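Work through the exercises below with the structure open beside you. Try each task before reading its solution.

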Amino acid sequence: MLSVFTRAFKTPDLRRKLLFTLGIIVLFRLGSYVPTPNVNYTAVQDCIAGARDDGGNNLLGMANLFSGGALLQLSIFALGIMPYITASIIVQLLTVVIPRFEELKKEGQQGQAKMTQYTRYLTIALAVLQSATFVTFAQNPAALFSNANCGPILYRDTTLDTVFMVLTMTAGTGLIMWLGELITDKGVGNGMSLLIFTSITATFPGSLWAIQQRDGRWDIFFLVIFIGLLIMTAVVFVEQSQRRIPVQYAKKMVGRQMYGGTSTYIPIKVNMANVIPVIFASSMLALPQMIAQFQQDPEGNNPAYVDWINTYLVQGDSPIYMAVFTAMILFFTFFYVSITFNPTEVADNMKKYGGFIPGIRAGRPTAEYLRYVINRITVAGAIYLSLVSLVPLIALVLVGANQNFPFGGTSILIMVGVGLDTVKQIESQLQQRHYEGFLR
């Protein structure tokens, strides 16, 4: 990987793209430290310093992870890329439900541009909703930071100031979306993915150092790093694994020319759903936590269901929490794969262009075979996602880390996936500029 980047910087065109990408990333990180107007930055830092170690609200913990810590800093980039991720997932799911979206998906580049436009509109709408919710949380800082000694963090609590904060955070989300698209157009790699990658890696040093500072034990600190490297190696291995289904195209005569007769394959990844099921499951589990938080009695006279949620669905070390989390990941993995990979459509396209799987008849038998293979591979992928996602919860029990444990779950899956994809894109651009054939 290092040799790839070294050769890339020696190529003038690629060097400009890499430097442009790095410049945008630096600008993105600087914006994560600029506080939103009406926020007392000193009071926020005091609240963060005295916060509990268990991570508090899981939904806020995930949003804070995707914003690179900017959410709890109440910066102008507080929402990070989370609204765009949510909007992209919603639009992708609506493709199955709304016929108009399905037609746009089949129209190629023009339809994709229209879908991207819808995603942008939905991102802004979600940013308004999420920023309003977060500003409401900020009016009760003791619950937001899980710190009973946390005082007011807003200078003024008027309606006008609240609206101005919501508009500022929404504008920050729009700016992040634009920066991501700039990286995609003029830089290297997928801009949105790289910004998520940057946000997650920015929290790594602090999370690791917090583990050492809590107990002062260097053996646990290095043990966590060692386990993290093992997990990363295993994730890279699985993410690169795929089942290749051979496809043969029959020969046909067009005039006096013979066409076809080529062999290729359909690559089916073990983890076809990527990190989407983990995000879905975490978001769904966070909903009852939010309901319980709004229903809590300041005097402690909570309803029975609120106490049950706080006992079993908030703490990650609860067996019930782990079981529900695992079951949701398994369900969402099969659900997402079923709507993103259509065996019938693939079989029809193969039959249309004269392709067939050796030993399998074209048409319906091919679709049934593909469905059989997909179901078996998805089982392995769902179990893999569940195991990786349980790593931070098991770490919570063994080493007392918080639920945003750096080497596990959503963070490690995104880091490895984005890293591999970016390196592949750089390598492909290098091959275009430095292709070595038989003659050198």
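**Exercise 1. Confidence**

Task: This is a predicted model. Find where its confidence is lowest and where it is highest.

Solution: 
- Start with the average. The protein has a mean pLDDT of 79, and 82% of the residues score at least 70.
- Go to the helices. Helix 4 (residues 58–66) has the lowest confidence, with a mean of 60. Helix 10 (residues 159–186) has the highest, at 91.

**Exercise 2. Overall make-up**

Task: State how many helices and strands there are, and what share of the residues is buried.

Solution: 
- Count the elements. The protein has 19 helices and five strands.
- Turn to burial. Of the 440 residues, 45% are buried.
- Take the contacts between residues at least 6 apart in sequence: 72% of them join residues at least 24 apart.

**Exercise 3. The nonpolar cores**

Task: In the largest nonpolar core, which residues touch the most other members?

Solution: 
- Take the core. Its membership is 66 residues, and Val 235 and Leu 413 touch the most other members.
- Find the main contributor. Helix 18 (residues 364–398) supplies ten residues, the largest share.
- Separate the other core. A second core holds 20 residues, among them Val 44, Ala 78, Leu 79 and Ala 127.
- Return to Val 235. Beyond four places in sequence, Val 235 contacts Tyr 384, Val 388, Ile 412, Leu 413 and Val 416.

**Exercise 4. Glu 239**

Task: Is Glu 239 buried or exposed? Which side chains make polar contacts with the Glu 239 side chain?

Solution: 
- Glu 239 lies in helix 13 (residues 218–240).
- Apply the cut-off. Buried means under 20% relative accessible area. Glu 239 has 7% relative accessibility, so Glu 239 counts as buried.
- List the polar contacts. The Glu 239 side chain pairs with the side chain of Asn 271 at 2.8 Å. The side chain of Tyr 384 makes another polar contact with it, at 2.9 Å.
- Collect the contacts beyond four places in sequence. Glu 239 meets Lys 269, Asn 271, Tyr 384, Leu 413, Val 416 and Leu 420.

**Exercise 5. Thr 366**

Task: Which helix holds Thr 366? Which residues beyond four places in sequence does Thr 366 touch?

Solution: 
- Thr 366 is part of helix 18.
- Check its burial. The relative accessible area of Thr 366 is 2%, so this residue is buried.
- List the neighbours. Thr 366 touches Ala 347, Met 350, Ile 357, Ile 360 and Arg 361, once residues up to four places away are set aside.

Methods
Residues numbered from 1 in each chain as written. Predicted model: local features only at pLDDT ≥ 70, side-chain atom pairs only at ≥ 80, totals over all residues. Heavy atoms only, no water. pLDDT = per-residue confidence, 0-100. Helix = DSSP H or I, 4+ residues; strand = E, 2+ residues; numbered from the N terminus. Core = buried A, V, L, I, M, F, W, Y, C linked by side-chain atoms within 4.5 Å. Buried < 20%, exposed > 50% of the residue type's maximum accessible area, 1.4 Å probe, protein only. Contact = heavy atoms within 4.5 Å. Polar contact = N/O pair within 3.5 Å; in protein donor to acceptor, adjacent residues only side chain to side chain.
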